[in-house]
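Q: Could you take a close look at one part of this protein with me? I'm new to reading structures, so please keep it plain.

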Amino acid sequence: TLTMVGAAVAMTASTTVQARDYDTVRFGVDVPYEPMEYRDADGELTGFDIDLGNALCEEIGIECEWIVQGWDGIIPGLQSRKYDAIMSSMTINDDRREQVLFSDPYITPPSAWFVPSDSEIEDVSEEGLEDFTIGVQRGTLQDNYATDMYGDVADINRYDTAEDLVLDMESERADIAFLDFPVGKATLIDNDDYDYQVIGDMITEPKEYFGDGFGIAFRKRDEALAEQFNEALETLRENGTYDEIYDKYFSM
Ligand code: ARG
């Protein structure tokens, strides 16, 4: 029995991967999710998460690689070692904490409702959205919230990508979009061809849905790796790199 306990301890130690054991950390990411992660005109991945992730890796002294993965399978892909971490605007909440280990939050945007400027929707109460079609990205916390709160009165259209949701807003197959605010701002409000506006308040509550900001997700045993990213994040916040990246994507 003693030997077996010893073997179990040794196994745990050797499977706890630390960032210094990596030459490369592979990030799983779902695109497009502008301005967080998307492709520029040359097809290169860009966005707040991409720049910040690359800067964190540089600070730690490892290479980053980005592996594009649909949102719906993004946690399974981490568990099956398709990549080592998820940096994809993933909100930290209790449901997900049961499955993955999160870094400290690196940004904390609200969610918001977006409608065409000439929409008939007057408010986002249950009555206000009765019989309208709500668009969300499948498997997001916005999907969970809309399904639980409005599933009985409204139609919920779930899209594999935020881009498909935007296309359906443009063709009026969805009446109202529920999105992370920066993404609705970049893809709907800042859209030159259509007029959209936010309706209602910025949404940050209840916490069981809207969580505690966006975090990098790791496999649970990779505590040392997460800690290195937390320390690097603190350094980038102190030395101005974080602010530079922030201003590049969010200067108003
Ligand atoms: N923040 C939301 C969530 O965690 C949506 C994130 C979707 N991210 C993406 N890259 N598509 O549920």
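Which residues does Ala-217 touch, not counting residues up to four places away in sequence?

A: Keep in mind that this is a predicted model. Leaving out residues up to four places away in sequence, Ala-217 touches Leu-78, Ala-85, Ile-86, Met-90, Val-100 and Phe-102.

Now let's zoom out to the core. Ala-217 is among the residues with the most contacts inside the largest nonpolar core, which has 59 residues. Two of the residues that Ala-217 touches, Ala-85 and Ile-86, are on that list as well, along with Phe-114, Ile-134, Ile-176 and Ala-177. Helix 9 (residues 223-238) supplies the largest share of this core, six residues. The core also draws at least three residues from each of domain 1 (17-108 + 212-250) and domain 2 (111-210).

Those two domains are how the protein is divided. Their centres, taken over C-alpha atoms, are 25 Å apart. Where they meet, domain 1 puts in 14 residues and domain 2 puts in 18 residues. On the domain 1 side of that contact, you'll find six nonpolar, four polar and four charged residues.

Then there's the ligand. Both domain 1 and domain 2 give residues to the shell around the ligand, so it lies between them. That shell has 13 residues, and Asp-30, Tyr-33, Thr-91, Thr-140 and Leu-141 come nearest. Sorted by class, the shell holds five nonpolar, five polar and three charged residues.

Methods. Residues are numbered from 1 along each chain as its sequence is written. This is a predicted model: local features need pLDDT of at least 70, side-chain atom pairs count only at pLDDT 80 or more; totals for chains, interfaces and linings use all residues. A nonpolar core is a set of buried Ala, Val, Leu, Ile, Met, Phe, Trp, Tyr and Cys residues joined through C-beta atoms within 7 Å. A residue is buried if 20 or more other C-beta atoms lie within 10 Å of its own, exposed if 12 or fewer, and partly exposed in between; C-beta atoms are placed from the backbone. Helices (H or I, at least four residues) and strands (E, at least two) are DSSP runs, numbered from the N terminus. Domain bounds come from an automatic or database domain assignment. Two residues are in contact if their C-beta atoms, placed from the backbone, lie within 7 Å. A residue is near a molecule or strand if its C-beta atom, placed from the backbone, lies within 6 Å of it. Ala, Val, Leu, Ile, Met, Phe, Trp, Tyr, Cys and Pro count as nonpolar, Asp, Glu, Lys and Arg as charged, and the others, Gly among them, as polar.
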